[in-house]
Amino acid sequence: MPLDSSTYNLALLRIDGRRWNELRQLRAQIRTQAAADGSAYFELGNTKVMCVVSGPSEESKRRGATSASGAGGGGATGAGGMGGGGGNAADILVSVVVGGFSTVDRKKRARGDKRIQELQSALAKSLAAVLHTHLFPRSTISLSLHVLSQDGSLLACLVNAATLALIDAGVPMTDYLVACSAGSTSSHAANDEHADPLLDLNQQEEQELPFLTIGTLGETDKVAVLVCESRVQVSRLEGMMVTAAAGCRSIREYLDSVVREKGRKMVAEGAVEKGVSMAMDIDV
């Protein structure tokens with residue numbers, strides 16, 4: 001890494017007090033809604049996302065959702081596409097709803113908003129590459145994501161929330177799909193090829209600095225998602241990608257601990273219920 005955090009000058013701290021390689025506070029929960037097949041809540045700083053999964057099931061396509069065929073990660077289709085999984089693999093339908101209260105300006109986005117469609121398409125394609133959709137032919141896996149608050153790294157939070165909800169729903173997948181953002185300390189116009197990378201940008205940093213979002217698969221550095229919508233020198237990309245991949249590993253460890261802790265609680269609760277029922281049988 002280009003910087004040593006042990007000797008990092010306090011004058012170089014970011015606006016929220018973090019060093020260049022520090023994540024914001026993480027918080028995650030799974031099985032937040034008992035009525036859903038799978039549900040999760042993911043929070044990264046002040047960016048908060050909730051995800052609900054339905055399926056796999058033989059349902060028609062929801063209006064306003066974006067789909068991707070699981071057969072090789074096929075292209076995304078708009079709301080006017082054909083509904084249901086008609087091929088040899090399940091279709092993945094992604095719907096992103098951004099709350100009007102999620103930002104300071106209280107702007108309500110329509111379902112046909114171009115930015116929302118881009119997020120839905122990126123999510124559908126990335127999930128189609130890691131889910132074992134061939135196990136559910138002619139079926140549909142529907143994901144509904146609700147953005148409760150925005151403060152940067154929105155796509156990364158959507159990917160992480162979707163991963164947790166799919167794990168809760170029991171949908172087979174290759175491994176955790178974990179995403180994180182990274183940026184650079186200098187804009188493209190400054191033409192500074194020696195600018196340092198930054199991990200997990202907030203909204204103010206995203207408005208001023210070039211950044212990208214990377215999604216990696218499991219504990220490896222295999223890139224499954226790469227989205228960069230900013231102009232940046234090629235010489236800076238390697239440092240930004242390495243920094244984002246390191247952030248993905250940290251987030252993956254946290255998500256794994258959340259899933260394992262929930263699993264232990266479910267096993268303990270199941271054991272208690274089984275013991276109570278056996279005691280009742282004996283009494284009878």
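Biologist: In this predicted model, how far apart are the closest N and O atoms of aspartate 200 and arginine 18?

Modeller: Both aspartate 200 and arginine 18 are buried. The pair links distant parts of the chain, with aspartate 200 in the loop between strand 9 and helix 3 and arginine 18 in the segment before strand 1 (26–30), 182 residues apart. The two form a salt bridge, and the closest N and O atoms are apart by 3.5 Å.

Biologist: Which parts of the chain does the salt bridge between aspartate 200 and arginine 24 tie together, and how many residues apart are they?

Modeller: The closest N and O atoms of aspartate 200 and arginine 24 are 2.9 Å apart, and the pair forms a salt bridge.

Biologist: Why does arginine 24 count as buried?

Modeller: Buried means under 20% relative accessible area. Arginine 24 counts as buried because its relative accessibility is 9%.

Biologist: Which residues do salt bridges that share partners join into one network?

Modeller: Aspartate 16 also forms a salt bridge with arginine 18, with the closest N and O atoms 2.8 Å apart. In this pair aspartate 16 is partly exposed, at a relative accessible area of 36%, whereas arginine 18 is buried at 6%. Through shared partners, one network joins Arg14, Asp16, Arg18, Arg24, Asp151, Asp200 and Glu205.

Biologist: What is the phi of aspartate 200?

Modeller: Aspartate 200 sits in the loop between strand 9 (197–199) and helix 3 (203–208). Its relative accessible area is 0%, so aspartate 200 is buried. Its phi is positive although the residue is not glycine, with a value near 55°.

Biologist: Serine 153 has a positive phi too, of about 55°. Is serine 153 buried or exposed?

Modeller: Serine 153 belongs to the loop between strand 7 and helix 2. The limit for a buried residue is under 20%. Serine 153 has a relative accessibility of 2%, so it counts as buried.

Biologist: Which backbone oxygen does the side chain of serine 149 reach?

Modeller: Serine 149 lies in strand 7 (residues 140–149), and it is buried because its relative accessible area is 18%. Beyond its neighbours within four places in sequence, serine 149 contacts Asn46, Thr47, Lys48 and Ser102. At 2.6 Å, its side chain reaches the backbone oxygen of asparagine 46.

Biologist: For the chain as a whole, what percentage of residues count as buried?

Modeller: The secondary structure comes to four helices and 11 strands. Of the 284 residues in the protein chain, the share that count as buried is 46%.

Conventions
Residues numbered from 1 in each chain as written. Predicted model: local features only at pLDDT ≥ 70, side-chain atom pairs only at ≥ 80, totals over all residues. Heavy atoms only, no water. Helix = DSSP H or I, 4+ residues; strand = E, 2+ residues; numbered from the N terminus. Buried < 20%, exposed > 50% of the residue type's maximum accessible area, 1.4 Å probe, protein only. Polar contact = N/O pair within 3.5 Å; in protein donor to acceptor, adjacent residues only side chain to side chain. Contact = heavy atoms within 4.5 Å. Salt bridge = Lys/Arg side-chain N within 4 Å of Asp/Glu carboxyl O.
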